[in-house]
Amino acid sequence: MSINKYQAFVTTVEQRSITRAASKLGYTQAGISHLISALESDLGIPLLIRSKTGTVLTPEGADLLPYVQRLLSMNEDIRNKALDLRGLTAGSLRIGTFSSVAIHLLPQILSQFRNRYPGVEVSILNRDYAAVESALLGNTVDCGFVTLPSREEFTVIPLIRDRLMAVVDADSPLVQAPELDPADLQNDTFIIPAEGSNYNIGKLFAQAGITPRKWLNINDDYAAVVMVRRKLGITILPELMVHNLPMQGLRAIPLRGSERQIGFAIHRNRFLSPAVRAFTEVVHQSLEHY
């Protein structure tokens, strides 16, 4: 049985495009089309509807998709078990994370991991909290960094705590405050950074019963800091992120009641590849440095 036909089918569904699936898998567009057509012929049912606007599942394809995904997962389990039996000299690892962890914690952990297991190929999905949890649930990453509390489907190793910080310019009337309440920001113009879409900032404002004046959703932490420096408003960033940004002419002030806890998560009901187990061990050993 050729697994390539099944992989072509699932990747096309994920990418919603034969062209993008071909690019991701290293095939020509005609090659992917041929694999999917061959699979449809083998099974005797249409799987995909191709149009100018993209590629979508037929009803039959939608019913079959979970079974194909399970088949690919089992195939990966077999490959990983074989690697386990041979020793971890190859393999792959997919990690989900968000920006502050990717900048402050992950480089040190990855450095230790690469020194021990240079043959393992690592890919990183850098998104917000919800997207990392969804990727863990959907098996598009093998492990990930989350904030606690997280979902009951995950086994989580608590790692580190940090706070949210209000970033203000040197002329702000708030600049001398040792600590701020979220309500202190109610009258300021709020610049939404990249991690501003996560629930911690929204939860903080909701608990305080305020709605700040949002001016710009910049979706970039560095750019948000530059906007504050230009006196266009204030922003809020995690303490981990603040340590890694150019803060000249600015002040980061802790927000009362904003502490978050970051953890490392794996899906409790999935087979753990040798690479995931090895990476989890490195994360455990890194705890002493946090």
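Student: Which strand does strand 7 join through 4 bridges, running antiparallel?
Tutor: Strands here are DSSP runs (E, at least two residues), numbered from the N terminus, and two of them pair if DSSP finds at least two bridges between them. With 4 bridges and an antiparallel run, the partner of strand 7 is strand 10, residues 235–238.

Student: Before we go on, what kind of model is this?
Tutor: Residues are numbered from 1 along each chain as its sequence is written, and side-chain values use heavy atoms, with hydrogens and water left out. Local features need pLDDT of at least 70, side-chain atom pairs count only at pLDDT 80 or more, and totals for chains, interfaces and linings use all residues, since the model is predicted.

Student: Which residue of strand 10 is the bridge partner of Ala166?
Tutor: Ala166 sits in strand 7. Contact means heavy atoms within 4.5 Å, and beyond its neighbours within four places in sequence, Ala166 touches residues including Leu180, Arg251 and Ile236. Its bridge partner in strand 10 is Ile236.

Student: And which residue of strand 11 stands opposite Val167?
Tutor: Strand 7 also pairs with strand 11 (residues 250–254), antiparallel over 5 bridges. Opposite Val167 there, you'll find Ala252.

Student: How many residues of strand 7 are buried?
Tutor: Buried means under 20% relative accessible area, with exposed over 50% and partly exposed in between (1.4 Å probe, protein chains only). Leu164, Ala166 and Val168 are buried on one side, and Met165, Val167 and Asp169 on the other. Strand 7 is largely enclosed by the rest of the structure, because the buried count is 6 of the 6.
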